[in-house]
Amino acid sequence: ALNSIQKISSTAAKVERELMPADYEELANLYRLVRVELNSLYELLGQKEKEKYYGYFVAVTEYEKKIAEGVYNPDLDGVLKFDYDDK
């Protein structure tokens, strides 16, 4: 997953012009690959760890949905914050 995340960064850094639809598609496909790889890693976790990180999955999915719908507003929605301390 980390290699795929690095690939997104390096691909975006190479673009020296306004992004074109093909660029968006390439970056979206790389991001999809990261999500698939992260899900595969998640499935390897024990139940306690899955429960610990499930809320993160839900929060990120809601954030992505708002971005895709064009309704995300950081002033209203805030930023994603997660507390992983075992309490």
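Predicted model: local features only at pLDDT ≥ 70, side-chain atom pairs only at ≥ 80, totals over all residues.
User: How are H1 and H2 oriented relative to each other: roughly parallel or roughly antiparallel?

Analyst: The axes of H1 and H2 come within 9 Å and cross at roughly 165°. Angles over 145 degrees count as roughly antiparallel. H1 is therefore, relative to H2, roughly antiparallel.

User: Which residues of H1 make the contact with H2?

Analyst: The crossing of H1 and H2 is left-handed. On the H2 side, the contact is made by Glu26, Leu27, Leu30, Tyr31, Leu33, Val34 and Glu37. From H1, the residues that make it are Ser4, Ile5, Lys7, Ile8, Thr11 and Ala12.

User: Is Thr11 buried or exposed?

Analyst: Thr11 belongs to helix H1, which covers residues 2-14. Leaving aside neighbours within four places in sequence, Thr11 is in contact with Glu26, Leu27 and Leu30. Its relative accessibility is 11%, and the cut-off for burial is under 20%. Thr11 therefore counts as buried.

User: Is Leu2 buried or exposed?

Analyst: Leu2 is also placed in helix H1. The relative accessibility of Leu2 is 68%, and values over 50% are classed as exposed. Leu2 therefore counts as exposed.

User: What distance separates the C-alpha atoms of Leu2 and Ala12?

Analyst: Leu2 lies in helix H1. Leu2 and Ala12 are ten residues apart along the chain. The separation of their C-alpha atoms is 16 Å.

User: Which helix do the buried residues of H2 pack against?

Analyst: The buried residues of H2 are Asp23, Leu27, Leu30 and Val34. Of the residues of H2 that make the contact with H1, Leu27, Leu30 and Val34 are among them. The helix against which the buried residues of H2 pack is H1.

User: With which residues is Glu37 in contact, leaving aside its neighbours within four places in sequence?

Analyst: Glu37 is found in helix H2 and is partly exposed, with a relative accessible area of 25%. The C-alpha atoms of Glu37 and Ser4 are separated by 8.6 Å, although these residues are 33 residues apart along the chain. With neighbours within four places set aside, the contacts of Glu37 are Ala1 and Ser4.

User: What is the distance between the C-alpha atoms of Val36 and Ala1?

Analyst: Val36 lies in helix H2. Its relative accessible area is 45%, so Val36 is partly exposed. Val36 and Ala1 are 35 residues apart along the chain, and their C-alpha atoms are separated by 8.7 Å.

User: How are H2 and H3 oriented relative to each other: roughly parallel or roughly antiparallel?

Analyst: H2 and H3 pack at an angle of about 160°, with their axes 11 Å apart. The contact is made by Tyr31, Arg35, Tyr42 and Glu43 of H2, and by residues of H3 including Tyr53, Phe57 and Glu64. The crossing is left-handed. H2 and H3 are therefore roughly antiparallel.

User: How far apart are the end C-alpha atoms of helix H3?

Analyst: Helix H3 has 23 residues, and at 1.5 Å a residue they should span 33 Å. The separation found in the model agrees with this expectation. The end C-alpha atoms of H3 are apart by 32 Å.

User: At which residue does H3 bend?

Analyst: Helix H3 runs over residues 47-69 and is followed by Gly70, whose phi is positive, near 75°. The bend of H3 is about 35° and is located at Tyr53.

Conventions
Residues numbered from 1 in each chain as written. Heavy atoms only, no water. Helix = DSSP H or I, 4+ residues; strand = E, 2+ residues; numbered from the N terminus. Buried < 20%, exposed > 50% of the residue type's maximum accessible area, 1.4 Å probe, protein only. Contact = heavy atoms within 4.5 Å. Expected span 1.5 Å × (residues − 1). Bend = angle between axes of the 7 residues up to and from the residue. Axes fitted to C-alpha atoms, helices over the stretch in contact; angles between N-to-C directions. Parallel < 35°, antiparallel > 145°, perpendicular 65-115°, else oblique. Left-handed = near helix turned anticlockwise from the far one by under 90°.
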